Amino acid sequence: MSAQPRQIRNIALGFMLRGDRVLVSFGEDRLRGSRFCRAVGGGIEFGESAEQALRREFREELAVELEAVRAIGVLENLFEYEGRQGHEIVHLFMIESVQLSETELDQPLRIRDTGEAAGWLPISEFDEASLPLYPQECQQILLAEWRRASS
């Protein structure tokens, strides 16, 4: 029996800022015993644009519509998760959603298809050692966007 061929996955992820907080989902690598966070989003399906995928993912995962979507970058992510190698092309966006703006900042959210927790994390709480933001390059991109929005 042959192993499944490895493929590069195309994904779309969206950040939403509210003051000094950003919407993220929380994950865990059980093999490493480490926690992490990342922007909400998911896979791009054949025939849909990255923006269409992002809007679909937010409908599926959080049952919300996005009013504004702005591309902020594309990056390549090579990683290991739960002992398996991964390779992604990540399309990053800043988003706006009236529905998400109306949620309480301390209200826990759930990603509907995976059950993962999501919520509004203060940007100051990202820490490479204890709570990294993945893909790693996202932290610098997000900080630049936050500074731009704050000025």
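**Strands, pockets and salt bridges in a predicted model**

Strand S8 (residues 109-110) pairs with strand S9 in the antiparallel sense over two bridges. Here strands (E, at least two residues) and helices (H or I, at least four) are DSSP runs numbered from the N terminus, and two strands pair if DSSP finds at least two bridges between them. Before I go on, colleagues, please note that this is a predicted model, in which local features need pLDDT of at least 70 and side-chain atom pairs count only at pLDDT 80 or more, while totals for chains, interfaces and linings use all residues. Residues are numbered from 1 along each chain as its sequence is written, and side-chain values use heavy atoms, with hydrogens and water left out.

Let me stay with S9. The bridge partner of Arg110 in this strand is Ala117. S8 and S9 form a hairpin with six residues between them, and Gly115 in the turn has a positive phi of about 80°. S9 also pairs with S3, in the antiparallel sense, over five bridges; Ser25 has Ala118 of S9 as its bridge partner. How enclosed is S9 by the rest of the structure? Strand S9 spans residues 117-122, and five of its six residues are buried, so it is largely enclosed. By buried I mean under 20% relative accessible area, by exposed over 50%, and by partly exposed in between, with a 1.4 Å probe and protein chains only.

I turn next to helix H1. This helix has 13 residues and reaches 18 Å from its first C-alpha to its last, close to the 18 Å expected at 1.5 Å a residue; the expected span is 1.5 Å times one less than the number of residues. Its buried residues are Ala50, Ala53, Leu54, Arg56, Glu57, Phe58, Glu61 and Leu62. Ala50 has a relative accessibility of 14%, and its C-alpha atom is separated by 9.3 Å from that of Phe93, 43 residues apart along the chain. After the helix comes Ala63, whose phi is positive, near 60°.

Salt bridges are my next topic. A search of the whole structure finds 10 of them, each being a side-chain nitrogen of Lys or Arg within 4 Å of a carboxyl oxygen of Asp or Glu. How far apart are Arg55 and Glu51 in helix H1? They are four residues apart, and therefore separated by about one helical turn. Arg55 is partly exposed at 23% relative accessibility, and Glu51 is likewise partly exposed, at 32%.

The side chains of Arg56 and Glu57 also meet in a salt bridge, at 3.0 Å from N to O, and both residues are buried. Arg56 and Glu57 belong to a network of salt bridges that links them with Glu45, Glu48 and Glu60.

A further salt bridge joins the side chains of Arg70 and Glu145, at 2.6 Å from N to O. Because Arg70 lies in strand S6 and Glu145 in helix H3, this pair ties together parts that are 75 residues apart in sequence. Arg70 is partly exposed, at 35% relative accessibility, whereas Glu145 is buried, at 12%.

Arg70 and Glu145 are also among the residues that line the second largest pocket, together with Met16, Leu17, Ala68, Val69, Met94, Ile95, Glu96 and Ala149. A pocket here is an open set of points on a 1 Å grid over the protein atoms alone, where a 1.4 Å probe fits, with protein on both sides within 12 Å along at least five of seven lines; lining residues have an atom within 4 Å of a point. About 190 Å³ of space lies in this second largest pocket, a volume being the space filled by probe spheres set on the points, which are joined across faces, edges and corners. S6, S7 and helix H3 (138-150) each supply at least two residues of its lining. Which classes occur in that lining? It divides into seven nonpolar, no polar and three charged residues. Ala, Val, Leu, Ile, Met, Phe, Trp, Tyr, Cys and Pro count as nonpolar, Asp, Glu, Lys and Arg as charged, and the others, Gly among them, as polar.

Finally, the largest pocket has a volume of about 1,100 Å³. Of the 39 residues that line it, the closest to its centre are Arg9, Arg38, Phe79, Tyr81 and Glu88. Elements that each supply at least two lining residues include S3 (21-29), H1 (50-62) and S7 (84-96), while the largest share, six residues, comes from S6. By class, the lining has 11 nonpolar, 14 polar and 14 charged residues.
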